Amino acid sequence: MENEERPNGGAGRGDGPLPQMEMGQGTVPVSRFVARASCVTAEIIALVATPAVLIACAVANLEQTAALSFFVVLASVAVFFASYEASRPRLRDIMPTVVLAALAAAGRILFAPIPDFKPVSAIAIIAGVAFGRKSGFMVGALAALASNFFFGQGPWTPWQMYAWGLVGYGAGLLAMVPAPDGYGKAEDGAYAASAAKDCAFVTSKAGGALRAVEAGSGFAPVKFIDAYPFLIYAYGFVACLGYGFILNAWSILSFFHAQASGIAGVVAVYAAALPFDVVHGVATVVFLVALYAPWRRKLARVRRKFGLG
């Protein structure tokens with residue numbers, strides 16, 4: 001086969017082997033490694049820039065806080081969208097993200113009569129765990145954008161996109177954490193690399209170790225959230241409080257200007273919003289209890305069947 005005679009992806013292009021770089025159990029082209037490192041760096045800057053601007057505006061008590069913070073959060077969201085696009089997702093990679101975002105938006109509209117009792121955060125978390133941090137961000141951000149065509153667009157939209165995107169992004173980061181030593185194993189090195197990326201997430205106890213089982217493939221390494229399943233529910237609750245913290249901080253600095261009245265004004269705003277944030281957190285836990293396990297198993301099968309990255 002011609003492809004087998006040309007290693008490193010040079011088949012049919014006449015460009016020969018690409019420079020390779022050791023990465024874990026395999027190698028990747030240097031250019032791809034640099035691109036990934038650039039995307040990660042941009043994401044970190046986008047994560048830090050928005051809260052840094054909010055803190056700076058609060059300290060300086062700027063009058064144009066609303067405009068400045070609006071453009072910064074808009075740029076941060078754009079960075080995450082660009083990072084997702086830079087990964088060059090195929091149509092088959094994009095479809096699950098779009099479908100989950102649509103389900104989250106529809107769920108938010110469906111539960112509109114109940115303040116802050118919405119499934120958006122739960123679905124963004126599931127997306128982040130199942131497809132990675134970038135898909136988690138995209139699901140949360142797109143759900144906010146799409147559902148606001150029903151609730152109304154405004155300067156709050158990019159902030160909701162940013163905050164809900166971070167909920168899914170954080171879940172994706174949490175899903176990357178490996179389980180402690182002693183949990184799970186792989187049958188061989190080749191399977192370990194693939195199973196760490198994609199396993200069926202069906203847990204079982206055997207020989208005192210918790211393992212994730214993929215049908216017909218043996219045992220795969222278990223992620224931290226598989227070893228301690230309650231963490232995903234705890235994360236869901238805390239992430240919703242974080243969502244509320246971000247939106248409340250924006251409203252304080254941009255509209256209420258409660259910082260002008262000192263700490264008492266800031267505390268008053270957060271105290272008034274706390275019951276709604278708690279309801280949001282409880283709702284997310286409820287939806288995770290109902291959806292997390294069955295949806296994650298189904299999404300894992302989708303990943304295997306269609307070879308999603």
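What follows is a run of questions and answers on this model.

This is a predicted model, where local features need pLDDT of at least 70, side-chain atom pairs count only at pLDDT 80 or more, and totals for chains, interfaces and linings use all residues. Residues are numbered from 1 along each chain as its sequence is written, and side-chain values use heavy atoms, with hydrogens and water left out.

Q: What is the mean pLDDT of the protein?
A: Start with the scale: pLDDT is the predictor's confidence in each residue, from 0 to 100. Here 76% of the residues reach 70 or more. The mean for the protein is 79.

Q: In which helix is confidence highest, and in which is it lowest?
A: Helices here are DSSP runs of H or I with at least four residues, strands are runs of E with at least two, and both are numbered from the N terminus. Confidence is highest in H5, at 96. At the other end, with a mean of 38, sits helix H8 (residues 189-197).

Q: How many contacts does the model have for residues 1-26 beyond four places in sequence?
A: Contact means heavy atoms within 4.5 Å. The pLDDT stays under 50 over residues 1-26, and the model's count there, beyond four places in sequence, is 29.

Q: And how many contacts beyond near neighbours in sequence does the stretch 185-220 have?
A: This is another stretch with pLDDT below 50. Beyond near neighbours in sequence, the model's count for residues 185-220 is 74.

Q: How many helices and strands does the secondary structure come to, and what share of the residues is buried?
A: The protein has 11 helices and five strands. Buried means under 20% relative accessible area, exposed over 50%, and partly exposed in between, using a 1.4 Å probe and protein chains only. Of the 309 residues, the buried share is 42%.

Q: Is Ser147 buried or exposed?
A: Ser147 sits in helix H6 (residues 133-151). Leaving out residues up to four places away in sequence, Ser147 touches Ala105, Arg108 and Ile109. Its relative accessible area is 0%, so Ser147 counts as buried.

Q: How are the planes of Phe70 and Phe71 arranged in their aromatic pair?
A: Rings of Phe, Tyr and Trp (its six-membered ring) pair if their centres lie within 6.5 Å; planes under 30 degrees apart count as stacked, over 60 as edge-to-face, and the rest as tilted. The whole structure holds 13 aromatic pairs. Phe70 and Phe71 form one at 5.6 Å centre to centre with 75° between the planes, which is edge-to-face.

Q: How far apart in sequence are the parts that the pair Phe117 and Phe287 ties together?
A: Phe117 and Phe287 form a tilted pair, 5.4 Å centre to centre with 55° between the planes. Phe117 is partly exposed at 21%, while Phe287 is buried at 11%. Phe117 lies in the loop between helix H4 (91-110) and helix H5 (120-131) and Phe287 in helix H11 (residues 263-306), so the parts tied together are apart in sequence by 170 residues.

Q: Which residues make the nonpolar surface patch of about 370 Å²?
A: Patch residues have over 30% relative accessible area and no salt bridge, with like charges joined within 9 Å and nonpolar side chains (Val, Leu, Ile, Met, Phe, Trp, Tyr) within 5 Å. A salt bridge is a side-chain nitrogen of Lys or Arg within 4 Å of a carboxyl oxygen of Asp or Glu, and accessible areas come from the Shrake-Rupley method with a 1.4 Å probe, where for residues only the protein chains shown count as cover. Leu91 lies in helix H4 and is exposed at 63% relative accessibility. The patch is made by Leu91, Met95, Val99 and Leu103.

Q: What is the phi of Arg88 near?
A: Arg88 is in the loop between H3 and H4, and is exposed with a relative accessible area of 74%. Its phi is positive although the residue is not a glycine, at a value near 55°.
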